[in-house]
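Colleague: Hi! Could you walk me through this one?
Modeller: Happy to, let's look together.

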Amino acid sequence: MTTKDYYIGFQNNDQNVITIFYEKFAHTIKQQLRTKYSSLYLDDDFLADTYQDAVVRLWENIKRSNITIESLTSDITGYLYGIAENVFREQLRKKKEIPLE
């Protein structure tokens, strides 16, 4: 599937496309966060929650037209990773485990 296929699937609430997307990129995004923040102990539940929140925010951004297929400067997984990193930092701030700039 292409970025456009995923985008249209999210836009149309296509549960099959969303499930495929969710499962296809879960491991990659969680592993990227684990690698970047390797100095922290990151349990699987924390990463799973981060990923799930990121996918929901991506979906909401598409539904609200905050992003359009034309405005994506990278593929949709790059955009998802950016959201996941922001969610991750928000969750750490709430837990006050590390100070973030």
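Modeller: One term to begin with: a contact means heavy atoms within 4.5 Å. Among contacts in the chain between residues at least 6 apart in sequence, 66% join residues at least 24 apart.

Colleague: Thanks! What kind of model is it?
Modeller: It is a predicted model, where local features need pLDDT of at least 70 and side-chain atom pairs count only at pLDDT 80 or more, while totals for chains, interfaces and linings use all residues. Residues are numbered from 1 along each chain as its sequence is written, and side-chain values use heavy atoms, with hydrogens and water left out.

Colleague: How many helices and strands are there in the chain?
Modeller: The chain has four helices and zero strands. Both kinds are DSSP runs numbered from the N terminus: helices are H or I with at least four residues, strands are E with at least two. From the N terminus on, the order is α-α-α-α. The radius of gyration of the chain is 14 Å, close to the 13 Å that the globule rule gives for 101 residues, so the chain is as compact as a globular protein of that length. That radius is taken over C-alpha atoms, and the rule is 2.2 Å times the number of residues to the power 0.38.

Colleague: And what does the C-alpha trace span along its principal axes?
Modeller: About 40 × 25 × 20 Å.

Colleague: Switching topic: is Tyr 6 buried or exposed?
Modeller: Tyr 6 is buried, with a relative accessible area of 3%. Buried means under 20% relative accessible area, exposed over 50%, and partly exposed in between, using a 1.4 Å probe and protein chains only. Across the chain, buried residues make up 37% of the 101 residues.

Colleague: Where is Tyr 6 found, and what does it touch?
Modeller: Tyr 6 sits in helix 1, residues 3–11. Not counting residues up to four places away in sequence, Tyr 6 touches Met 1, Val 17, Ile 20, Phe 21, Lys 24, Phe 25 and Ile 76.

Colleague: What about Gln 91, is that one buried or exposed?
Modeller: Gln 91 is buried, with a relative accessible area of 15%. Its place is in helix 4, residues 76–95.

Colleague: Which side chain does the Gln 91 side chain make a polar contact with?
Modeller: With that of Asp 53, at 3.2 Å. A polar contact is a pair of N or O atoms within 3.5 Å; within protein, one must be able to donate a hydrogen and the other to accept it, and residues adjacent in sequence count only if both atoms are side-chain atoms. Leaving aside neighbours within four places in sequence, Gln 91 is in contact with Phe 46, Asp 49, Thr 50 and Asp 53.
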